[in-house]
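Me: I'm new to this one. Could you walk me through how to read it, feature by feature?

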Amino acid sequence: MIAPVFNSLRPKQWTKNLILFAALLFSEKGLLFSTEAWLCAIAGFFTFCGLSGSVYLLNDLADLEKDRLHPQKCNRPIASGELSVTEAKGALLIILITSLFAAWKLSPLFFSLALTYFMINLAYSFKLKNIVIVDVMCIAIGFVLRATAGVGSLKSLEPGIYISHWLLLSTLMLAMFLGLAKRRQELATYSEEAIRHRKILSQYSLNFIDQMTSILAATAIVTYTFYTVSAETISKFNSDKLIYTVPMVIYGILRYLYLIHIEELGENPSEVVLSDRPLQICVVLWAITVVFVIHFARLGLL
């Protein structure tokens, strides 16, 4: 039973929860070099892995009949019968309660964000996923909640820690971009068959999605650029050099558009990031540059 439950938690999707570490990356109090801060952030990461895993269990239970008709999803533990509905419900309850308890122990803010995340996904699973555009916005809000939860995991160490609204807006736009890219690839790959498995796809078209992804890609770049040059950011980090990371963000987004339209990838954003070497190099270089600009500037080395 343990292996099917673990597989149902979608461990490959846990890379999405790495955004919790953004609070450490963009902290101005030197928390990046604090062992205690890393332990809190790691605890927050695994708590959200449990929460997101419980959401996947919930979705698999809600979409059981549709998944059995899907050429790939039919192999999931619940749809294939490897994990019974009763066992899945029991695992969902245990994992959810354990995750929420861990969230409460981290901080009240982290708990409220974790609970909000689960409630939004609950509404998504049973209603909001069938409302055009709102379905993608729900997914994107989940990423914003993760990023803010990263701040919540560190509140006990640094009560004054916060994350810029510009950065949260950029996260929202990028997450919507990725969500729509996923919708596009499902529609392009499975066509009419895709609508049978995901009803909301009947309200999308490739042209409509392409227009929206273009808007969101541009908006994500603009909001991130505003973040790097805002007076608040420059004052917070005592540096105006974050602007040097903007070309990497532009390349990363354009590279993803290339993978969508030329390589016809994008159905699973996590797998795309984990498999495309140029995109991986871009992300790593961006992270190194951010660390160098933010945390070494304060030491007078930049």
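Me: Where do I start? What share of the 302 residues of the protein chain counts as buried?

Reply: Bear in mind that this is a predicted model. In the protein chain, 50% of the 302 residues count as buried. The accessible surface comes to about 14300 Å², and carbon and sulfur atoms own 68% of that.

Me: How many helices and strands does the protein chain have?

Reply: You'll find 15 helices and zero strands. The chain is as compact as a globular protein of its length, because its radius of gyration is 20 Å, close to the 19 Å that the globule rule gives for 302 residues. Along the principal axes, the C-alpha atoms fill a box of roughly 60 × 45 × 30 Å.

Me: And the inside? Which residues touch the most other members of the largest nonpolar core?

Reply: The general idea is that in soluble globular proteins, nonpolar side chains tend to be buried together. Here the largest nonpolar core has 86 residues, and Phe-26, Leu-57 and Tyr-204 touch the most other members. Helix α3 (residues 35-62) gives the most to this core, with 11 residues.

Me: Let's zoom in on Phe-26. What is Phe-26 in contact with, leaving aside its neighbours within four places in sequence?

Reply: Its partners are Leu-167, Tyr-227, Lys-236, Phe-237, Trp-286, Val-290 and Ile-294. Phe-26 has a relative accessible area of 5%, so it counts as buried, the cut-off being under 20%.

Me: How do I read an aromatic pair?

Reply: A pair of aromatic rings is described by the distance of the centres and the angle of the planes. The count here comes to 12 aromatic pairs. Phe-26 and Tyr-227 form one that is edge-to-face, with 5.8 Å centre to centre and 80° between the planes. This pair links distant parts of the chain, 201 residues apart: Phe-26 is in the loop between α2 (22-25) and α3, while Tyr-227 is in helix α11 (residues 206-229). Tyr-227 is buried too, at 2% relative accessibility. Elsewhere, Phe-21, Trp-38, Phe-45 and Phe-46 form one aromatic cluster.

Me: Now back to helix α3. Is Thr-47 buried or exposed?

Reply: Thr-47, which lies in helix α3, is buried, with a relative accessible area of 6%. Not counting residues up to four places away in sequence, Thr-47 touches Ser-99, Ala-102, Ala-103, Leu-106 and Phe-110.

Note on methods: Residues numbered from 1 in each chain as written. Predicted model: local features only at pLDDT ≥ 70, side-chain atom pairs only at ≥ 80, totals over all residues. Heavy atoms only, no water. Core = buried A, V, L, I, M, F, W, Y, C linked by side-chain atoms within 4.5 Å. Buried < 20%, exposed > 50% of the residue type's maximum accessible area, 1.4 Å probe, protein only. Helix = DSSP H or I, 4+ residues; strand = E, 2+ residues; numbered from the N terminus. Contact = heavy atoms within 4.5 Å. Phe/Tyr/Trp six-rings, centres within 6.5 Å; stacked < 30°, edge-to-face > 60°. Rg over C-alpha atoms; globule rule 2.2 N^0.38 Å. Areas by Shrake-Rupley, 256 points an atom, 1.4 Å probe, with all protein chains shown as cover.
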